[in-house]
Amino acid sequence: MKHTTRVISVGMLALLLTPLSIFAQDDLQEETLLMTFIPNIQFAPTYVAIGAGYFEEAGFDVSVEYLDEPNVVDLVAAEENSFGIVSGEQVILAASQGRPIVYVYEWFQQFPIGIVYPSDMEVESIDDLTDSRIGIPGRFGATYSGFTTLLDSAGIDQSDISLEEIGFAAPEVFCVGAVDASVIYVNNEPLQIQNRANSDDCGDVTDVSVLAIGDIIDLVSNGIITNQTLAEENPEQVSAFIAAYNSGLQLAINNPAQAYLTSAPFIEGLPLDDDFRMALETLADEQDALLADEPTREAIAENRLAQYETLAEQFDAQTLLQYEILLASIELWDADQLGFTDADSWANMRDTLINLGQIEDGAVDVDTLYSNDFLPQGE
């Protein structure tokens, strides 16, 4: 999939500043948050942090720009932009080239890569797929590093696998039978493939299952980076930005119906006709009432599922696909402590990049590349 550069200038939704706001509009600091890919519901925490006013309350006027990951790293390292969102592997690669960036907030708590396959295949581990044709976008990025880590964990050499580069077209290639399985983002493409299967548009496949790499080995995933100068000289600014983003992420997790509604102005073509909007508004209000009683994470998760089942009784699969992707993404974001990044996941990713020959052994001290010091107090 070709990554596209696109800038969205963000006009705030009609919100009155709350008493918590300590900044006048004229005092807001302009920031462009650099992200990858294109506008998508998977970026709901960012849109919520903007649209619900969390960034504004923290003193920022935030816009977003979509670039390739290396460009995001370059601009943040050069201090042309203060914040960006990239994968953990990009941080390690940047450090090996002397780029002064630091990872300050882990957005995805679970690595989002896995392998999708027909459910009638008996698969308990990667060993059960060694005789299969496996598609992969290419020998680059998170899909390749994650897949390589999975092979290494099972002691399997790449030469023992029939790996076919298919670009970012897994649903199409998988459903025409060109591959038996495919490396994918677990919160997106399996849902697309299942929808095709439900419409009898995926050959003989009726159901799909996923072997999630995150269930097997912990790897650092997507998160927020800043430059080392800002982190060292103005930690208060970094903490304020992270706290605002954290609030957006928490709202997206706790109230996905509201997050979908708030994200809609940022995503051209997101399904939201009048009936769907009304249904989501009703669910968002009901969820607010539930949240007022301070339910547990488990209760919130159960209610997310119950709300989706309510929607599924009213709307077709195509209308609900992006909402499903949001819910599947939430499962990868949610944690007892949002934003926390773990040392073992960095060590595992470093070892993968060494095995791939992308960095030299001993070239990077990963313990210096991230910090949990900017997380909101009490999180």
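Helices (H or I, at least four residues) and strands (E, at least two) are taken as DSSP runs and are numbered from the N terminus. The structure is a predicted model, in which local features need a pLDDT of at least 70 and side-chain atom pairs count only at pLDDT 80 or more, whereas totals for chains, interfaces and linings use all residues. Residues are numbered from 1 along each chain as its sequence is written, and side-chain values use heavy atoms, with hydrogens and water left out.

The protein chain contains 14 helices and 11 strands. Its C-alpha trace spans about 60 × 55 × 35 Å along the principal axes. The radius of gyration, taken over C-alpha atoms, is compared with a globule rule of 2.2 Å times the number of residues to the power 0.38; for 379 residues a compact globule would have a value near 21 Å, and the 21 Å of the protein chain agrees with this. Accessible areas were computed by the Shrake-Rupley method with a 1.4 Å probe, and for residues only the protein chains shown count as cover. On this basis the accessible surface of the protein chain comes to about 16,600 Å², of which 44% belongs to carbon and sulfur atoms. Residues are termed buried under 20% relative accessible area, exposed over 50% and partly exposed in between (1.4 Å probe, protein chains only), and buried residues make up 54% of the 379 residues in the protein chain. With contact defined as heavy atoms within 4.5 Å, 80% of the contacts between residues at least 6 apart in sequence join residues at least 24 apart.

Helix α10 (residues 256–263) is largely enclosed by the rest of the structure, because seven of its eight residues are buried. The buried residues of α10 are P256, A257, A259, Y260, L261, T262 and S263, and the elements that cover them include α1 (44–51), α9 (235–254), α11 (274–291), α12 (297–312) and α13 (317–333). For the packing of helices, axes are lines fitted to C-alpha atoms over the stretch in contact, and angles run from 0 to 180 degrees between N-to-C directions. Angles under 35 degrees count as roughly parallel, over 145 as roughly antiparallel, 65 to 115 as roughly perpendicular and the rest as oblique. The axes of α9 and α10 come within 5 Å and cross at roughly 120°, which means that α9 is oblique to α10. In this pair, L251, A252, I253 and N254 of α9 meet P256, Q258 and A259 of α10. For the classes of residue, Ala, Val, Leu, Ile, Met, Phe, Trp, Tyr, Cys and Pro count as nonpolar, Asp, Glu, Lys and Arg as charged, and the others, Gly among them, as polar; the contact of α9 with α10 accordingly has five nonpolar, two polar and no charged residues.

A second pair is formed by helix α5 (residues 141–153) and helix α14 (residues 343–355), whose axes come within 10 Å and cross at roughly 90°.

When neighbours within four places in sequence are left aside, Q237 is in contact with Q29, E31, F60, S82, F83 and L230. The C-alpha atoms of Q237 and V91, which lie 146 residues apart along the chain, are separated by 21 Å.

Strand β4 holds G84, which counts as buried at 0% relative accessibility. Outside four places in sequence, the contacts of G84 are with L33, L34, V72, V76, G223, I224 and I225; from C-alpha to C-alpha, G84 and V72 are 6.1 Å apart in space and 12 residues apart in sequence.

Several loop residues were also examined. E79, in the loop between α3 (69–77) and β4 (84–86), has a positive phi of about 65° although it is not a glycine, and at 46% relative accessibility it counts as partly exposed. S125 is placed in the loop between β6 (113–118) and β7 (133–136) and counts as partly exposed at 26% relative accessibility. S125 and A212 are 87 residues apart in sequence, with a C-alpha to C-alpha separation of 9.9 Å.
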